[in-house]
Amino acid sequence: MAKKKKLPLAYQPLGFVLGWSSGWLSGLAFRKTWMALRHEEDAPDALDRDRGWGEILLAAAVQGAIFAVVRSAVDRAGAKAIERSTGAWPADEKSGRE
């Protein structure tokens with residue numbers, strides 16, 4: 001697994017805002033997706049006594065996938081915006097990753 005990169009100080013406030021907004025967006029996307037899949041307002045969580053293992057694990061898998069995709073898209077868009085505005089990629093060049 002890749003080591004977490006230390007971001008430049010100038011990127012940190014933007015990274016915080018992007019992280020918060022990606023969490024909010026992924027929550028919204030998950031609620032809408034769950035409504036489309038199961039026609040229910042509330043998705044189950046691990047402590048819902050009346051829900052089965054399959055339903056709880058399905059909800060967790062869908063939520064995790066949506067969160068990962070949204071966070072990656074938001075992080076990538078933020079990095080591209082920093083690169084366009086400053087001319088520098090906001091990650092450590094030693095990592096070998098873009």
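Visitor: How do you know that the span of helix α1 agrees with its number of residues?
Guide: Helices here are DSSP runs (H or I, at least four residues), numbered from the N terminus, and the expected span is 1.5 Å times one less than the number of residues. The 27 residues of α1, residues 12–38, should therefore span 39 Å, and because the end C-alpha atoms are 38 Å apart, the two values agree.

Visitor: What are these values taken from?
Guide: This is a predicted model, in which local features need pLDDT of at least 70 and side-chain atom pairs count only at pLDDT 80 or more, while totals for chains, interfaces and linings use all residues. Residues are numbered from 1 along each chain as its sequence is written, and side-chain values use heavy atoms, with hydrogens and water left out.

Visitor: Why is S26 called buried?
Guide: Buried means under 20% relative accessible area, exposed means over 50%, and partly exposed lies in between (1.4 Å probe, protein chains only). S26, which lies in helix α1, has 7% relative accessibility and therefore counts as buried. Other buried residues of α1 include L18, F30 and W34.

Visitor: What do the buried residues of α1 pack against?
Guide: They pack against α2, residues 53–86. With contact meaning heavy atoms within 4.5 Å, and leaving aside neighbours within four places in sequence, S26 is in contact with I66, F67 and V70. Under that exclusion, I66 is in contact with S26, A29, F30 and T33.

Visitor: What makes a set of residues a nonpolar core?
Guide: The set must consist of buried Ala, Val, Leu, Ile, Met, Phe, Trp, Tyr and Cys residues joined through side-chain atoms within 4.5 Å. The largest such core has ten residues, among them Y11, L18, A59 and I66. The elements giving two or more residues to this core are α1 and α2, and α2 gives the most, with six residues.

Visitor: Is W24 buried, partly exposed or exposed, and why?
Guide: W24, which lies in helix α1, has 49% relative accessibility and therefore counts as partly exposed.

Visitor: Why is H39 called exposed?
Guide: H39 is found in the loop between α1 and α2, and because its relative accessible area is 66%, it is exposed. Its phi is near 55°, a positive value in a residue other than glycine.
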